[in-house]
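Reader: Hi! Could you walk me through this one with me?
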Amino acid sequence: MKEFTYTITDPEGIHARPAGELVKAAKGFSCNIKISKDGKEGDCKRIFGIMGLAVKKGMEVKMTFDGEDEAEACQAIETFMKENL
């Protein structure tokens, strides 16, 4: 299992457009990808799982990856987060 934490820098937090892009990026991998904040967890392959966390600017999220391509997924999603959120 791989994981990283990231503090959201986008002024609007995780809103619909980047959440949709995150879902697209996550669906490109076969491993399970979860996003969690304050003890709540969502599936990164489902937009409602991400939007339901209501992540705002300055909040920290933890991303976890579990499966056969977890290393590649972790690297790709971490890059996505830095570039878009």
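Reader: Let's start with Phe-4: buried or exposed?
Author: Phe-4 is buried, with a relative accessibility of 8%. Bear in mind that this is a predicted model.

Reader: Thanks! And Phe-65, buried or exposed?
Author: Phe-65 counts as buried too, at 0% relative accessibility.

Reader: How many aromatic pairs turn up in the whole structure?
Author: The search finds one. It is formed by Phe-4 and Phe-65, whose ring centres are 5.9 Å apart with planes at 20°, so the pair is stacked.

Reader: Nice. Which parts does the pair tie together?
Author: Phe-4 sits in strand E1 (residues 2-7) and Phe-65 in strand E4 (residues 60-66), so the pair links parts 61 residues apart in sequence.

Reader: On to the sheet, then. What is the strand order?
Author: The order is E1-E4-E2-E3, an open sheet of four strands with antiparallel pairing. E1 and E3 (40-43) are at the edges with a single partner strand each, so one side of each has no neighbour in the sheet. From one strand to the next, the twist averages 25°.

Reader: What packs on the sheet?
Author: Helix H3 does, touching E1, E2 and E4, and its direction makes about 5° with that of E1.

Reader: Switching topic: where is Asp-69?
Author: Asp-69 is in the loop between E4 and helix H3 (70-84).

Terms used:
Residues numbered from 1 in each chain as written. Predicted model: local features only at pLDDT ≥ 70, side-chain atom pairs only at ≥ 80, totals over all residues. Heavy atoms only, no water. Phe/Tyr/Trp six-rings, centres within 6.5 Å; stacked < 30°, edge-to-face > 60°. Helix = DSSP H or I, 4+ residues; strand = E, 2+ residues; numbered from the N terminus. Buried < 20%, exposed > 50% of the residue type's maximum accessible area, 1.4 Å probe, protein only. Pairing = 2+ DSSP bridges. Axes fitted to C-alpha atoms, helices over the stretch in contact; angles between N-to-C directions. Contact = heavy atoms within 4.5 Å.
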